[in-house]
Amino acid sequence: MSSTELPFVPPANVLPKVGTVRVAEGERLRSVELPGVTLTMRSRPPAREGLPPALFVHGLGGSSQNWSALMALLDDSVDGEALDLPGFGDSPPPDDGNYSVTGHARAVIRYLDASGRGPVHLFGNSLGGAIATRVAAVRPDLVRTLTLVSPALPEIRVQRTAVPTGLLAVPGVALLFTRLTRQWTAEQRVRGVMALCYGDPGRVTPEGFRNAVQEMERRLRLPYFWDAMARSARGIVNAYTLGGQQGLWRQAERVLAPTLLVYGGRDQLVGFRMAQKAARAFRGSRMVTLPDAGHVAMMEYPETVAMAFRELLEEAGELGAQRAEWPDAGGAAVEGAGTDESMGG
């Protein structure tokens, strides 16, 4: 390891506990110990028993909290859980320090195998979208449907606004960045993240902003925060370079589960032009594009994403008696079979 690279962080049982993670009303947290990894799971009791299970996977620098709004809207459709990937949210680093896409996917698979909840409706955003794609390709028995929000799939021409995030993968850059930004407040950092990830940061409520600042303050006290960020960013870059059967686009073509693709027109991290390529790669997929959304449409427009997911359930024949209890979707619809319906906020 280069002397300029962040050091490996020891396992969770020797790390200090830093602050408490916010739990929204109606949510609960629990810790699950698995071979080589401990995961924090955020769940919300379903509106009634017997609903199919769902699992939500966040992106780089995110946490299970990124899915709170969508989980609340879908509690009449699925029995939802969102995980904190190893090294993120309230989950400690993996024992082996493996933050590759494959390493994260292995953690998801271990949880689904151990819990017996599969097959699930699997959701992924950004890095979580790449992870979910790999899980769906290699373990189709674990996935009922796949919903990807701005998935981090390989791009030949990366947007300039995404370059700084990619640079975190370069050994030494994360350490340099921490030194250069040492005087930045948590509020300044949150404003920067929101400007990068949201199509319109003004949609964030004052309460939401305060919660984000508190979470940033907590994360910055974690001794492994930047290490997890740097190694996971490197994992994305490395996944972009893989070819053959391990390539993410090749794995996208192998996905058998009905797939919903959600892209934001103002996404500064995943190119909007990738939407049509994804629609071609995921067989028989449905796609919704949100012209005013950024990188986290499930946080900016959760109602629209929830509606699109219900359309996917209807097409996949998994409605049962649920539809009568769903809120009115306002007549909006999503086109299927790889076609695209643009929907404003």
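The model is predicted. Its chain has twelve helices and nine strands. Of its 345 residues, 54% count as buried.

**Whole chain**

- The accessible surface comes to about 14,700 Å². Carbon and sulfur atoms account for 52% of that surface.
- Consider the contacts between residues at least 6 apart in sequence. Of these, 75% join residues at least 24 apart.

**Helix α2**

- Helix α2 covers residues 101–115, which makes 15 residues.
- From its first C-alpha to its last, α2 reaches 21 Å. That is close to the 21 Å expected at 1.5 Å a residue.
- The buried residues of α2 are Val 101, Gly 103, His 104, Ala 105, Ala 107, Val 108, Ile 109, Tyr 111 and Leu 112.
- An α-helix has 3.6 residues a turn, so residues three or four places apart point the same way.
- Gly 116 follows α2, and the phi of Gly 116 is positive, near 70 degrees.

**Packing of α2 against α3**

- Helix α3 spans residues 127–138. It packs with α2 at an angle of about 65 degrees, and the two axes lie 9 Å apart.
- The crossing of α2 past α3 is right-handed.
- On the α2 side, the contact is made by Val 101, Thr 102, His 104, Ala 105, Val 108 and Ile 109.
- On the α3 side, Leu 127, Ala 130, Ile 131, Arg 134, Val 135 and Val 138 make the contact.
- Val 101, His 104, Ala 105, Val 108 and Ile 109 of α2 are among the residues in this contact, and they are also among the buried residues of α2.

**Aromatic pairs**

- The count comes to five aromatic pairs.
- Phe 56 and Phe 123 have ring centres 4.3 Å apart and planes at 20 degrees, so this pair is stacked. Planes under 30 degrees apart count as stacked.
- This pair links distant parts of the chain. Phe 56 sits in strand β3 (residues 53–57) and Phe 123 in strand β5 (residues 120–125), 67 residues apart.
- Phe 56 and Phe 123 are both buried.
- Phe 225 and Trp 226 form an edge-to-face pair, with 5.0 Å centre to centre and 75 degrees between the planes.
- Phe 225 has a relative accessible area of 10% and is buried. Trp 226, at 18%, also counts as buried, because the cut-off is under 20%.
- Ring pairs link Phe 56, Trp 67, Phe 123 and Phe 309 into a cluster.

How values were computed. Residues numbered from 1 in each chain as written. Predicted model: local features only at pLDDT ≥ 70, side-chain atom pairs only at ≥ 80, totals over all residues. Heavy atoms only, no water. Phe/Tyr/Trp six-rings, centres within 6.5 Å; stacked < 30°, edge-to-face > 60°. Helix = DSSP H or I, 4+ residues; strand = E, 2+ residues; numbered from the N terminus. Buried < 20%, exposed > 50% of the residue type's maximum accessible area, 1.4 Å probe, protein only. Expected span 1.5 Å × (residues − 1). Contact = heavy atoms within 4.5 Å. Areas by Shrake-Rupley, 256 points an atom, 1.4 Å probe, with all protein chains shown as cover. Axes fitted to C-alpha atoms, helices over the stretch in contact; angles between N-to-C directions. Left-handed = near helix turned anticlockwise from the far one by under 90°.
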